[in-house]
Amino acid sequence: MAFGNPDVPWSRLEAVLSGLPGSGPLLPDPPSGGGPALVRGTSSVDYVELHCHTNFSFSDGASHPEELVEEAYRLGLSGLAVTDHDGLYGVVRLAGAARDLDLSTVFGAELSLGLDRPRNGEPDPLGRHLLVLARGRSGYARLSRTISLAQLAGGEKGRPVYDLDETAATLRDHAVVLTGCRKGHVRAALLTGGVPAAARELDRLVALFGRDGVVVELTDHGYPGDGEANDALAGLARRHGLATVATGNVHYARPSGHRLATALAAVRARRSLDEMDGWLPPAAVAHLRGGDEMAARFAAYPGAVAHTAVLGAELAFGLNLVAPALPDCEVGPGHTEMSWLRHLTEQGARRR
């Protein structure tokens with residue numbers, strides 16, 4: 001047949017695929033027990049990834065939540081955040097997988113501010129990003145409400161509408177804001193207006209979210225301007241008395257996810273890969289990394305990697321803390337809760 005295929009003659013393949021009597025299965029059942037056991041990695045440096053997109057960041061993240069959790073475990077991370085775009089869609093699956101592997105979880109989202117149209121169809125959508133990490137149950141509830149109201153206010157899929165002042169009023173003292181990627185307010189201002197403009201944006205975030213609610217984020221994907229930008233951001237953090245954290249701005253679990261991520265970006269933009277070439281990352285850089293590698297990568301910024309572990313431990317909680325203890329629902333005669341819900345839904349549908 002072909003290289004790597006099982007030793008099955010064409011006649012047998014034809015019989016199996018045609019469903020001929022007595023043909024049986026093409027291959028024997030795999031041995032029980034699945035694949036090799038997942039082994040937790042070791043690292044001399046404690047690290048929690050605080051900026052991570054799953055494939056619930058549609059057409060942006062390229063890995064399932066379970067894949068990210070397993071890779072974080074294999075790399076020896078002590079925790080993992082989920083920060084999908086404008087939603088908490090992936091938190092349940094990520095939390096379940098992390099609970100099975102005893103990996104701590106941080107929950108947040110990357111909010112898209114100032115969108116004038118949905119993100120789909122745009123190679124590089126306009127707007128700014130605000131990376132928010134929830135502080136415990138109350139922070140999670142407030143963040144969820146903020147996102148829900150923004151999605152309703154947008155009036156169309158893919159275009160939430162946030163008011164930054166209202167968002168800050170709701171989330172202050174209940175969340176931590178990272179200064180974010182190149183689309184974050186601070187880094188975008190740094191690129192367009194230099195350090196003075198970035199300082200003004202950082203002052204604004206501190207005024208809105210409080211000094212304890214803002215952390216300066218450093219990322220290094222090996223792009224030409226990353227080192228210079230991180231130097232400037234670290235200097236701003238020192239002058240403002242703010243902590244720094246190092247993140248991977250992760251969009252896939254392993255380097256092999258890069259090709260899928262580029263294809264997804266082209267699908268989102270509704271363009272070919274050739275047309276998207278100038279907007280796509282040139283290499284597989286947005287993957288999870290272990291603590292030792294992150295420490296080496298950010299050696300010029302003492303404390304940045306260590307503080308991710310401190311902040312991650314401070315913000316970590318499980319979804320079981322979020323689930324409310326709801327009372328039993330009163331239902332009509334002869335109904336269960338599920339059949340009563342179905343009955344009410346049918347009645348509502350007829351009225352609508």
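Trainee: Are Phe 107 and Phe 317 buried or exposed?

Mentor: Phe 107 is buried, and Phe 317 is buried as well. Keep in mind that this is a predicted model.

Trainee: Which aromatic cluster is Phe 107 part of?

Mentor: Phe 107 forms one aromatic cluster with Tyr 140 and Phe 317.

Trainee: How many aromatic pairs does the structure hold?

Mentor: Three. In one of them, the ring centres of Phe 107 and Tyr 140 are 6.0 Å apart and the planes are at 85 degrees, so the pair is edge-to-face. Phe 107 sits in strand S3 and Tyr 140 in helix H4, so this pair ties together parts that are 33 residues apart in sequence.

Trainee: And what about the pair of Phe 107 and Phe 317?

Mentor: That pair is edge-to-face too, with 5.2 Å from centre to centre and 65 degrees between the planes. Phe 317 lies in the loop between helix H11 and helix H12, while Phe 107 is in strand S3, so the parts tied together are 210 residues apart in sequence.

Trainee: New topic. How many residues are in the largest nonpolar core?

Mentor: The largest nonpolar core has 63 residues, and Leu 80, Leu 111, Leu 130 and Phe 209 have the most contacts inside it. Helix H6 supplies the largest share of this core, nine residues. A second, separate core has 12 residues, including Leu 131 and Leu 315.

Trainee: Last one: what do the buried residues of H2 pack against?

Mentor: They pack against strand S2 and helix H3. Among the buried residues of helix H2 are Leu 68, Val 69 and Tyr 73. Just after H2 comes Gly 76, with a positive phi of about 85 degrees.

Note on methods: Residues are numbered from 1 along each chain as its sequence is written. This is a predicted model: local features need pLDDT of at least 70, side-chain atom pairs count only at pLDDT 80 or more; totals for chains, interfaces and linings use all residues. Side-chain values use heavy atoms; hydrogens and water are left out. A nonpolar core is a set of buried Ala, Val, Leu, Ile, Met, Phe, Trp, Tyr and Cys residues joined through side-chain atoms within 4.5 Å. Buried means under 20% relative accessible area, exposed over 50%, partly exposed in between (1.4 Å probe, protein chains only). Helices (H or I, at least four residues) and strands (E, at least two) are DSSP runs, numbered from the N terminus. Contact means heavy atoms within 4.5 Å. Rings of Phe, Tyr and Trp (its six-membered ring) pair if their centres lie within 6.5 Å; planes under 30 degrees apart count as stacked, over 60 as edge-to-face and the rest as tilted.
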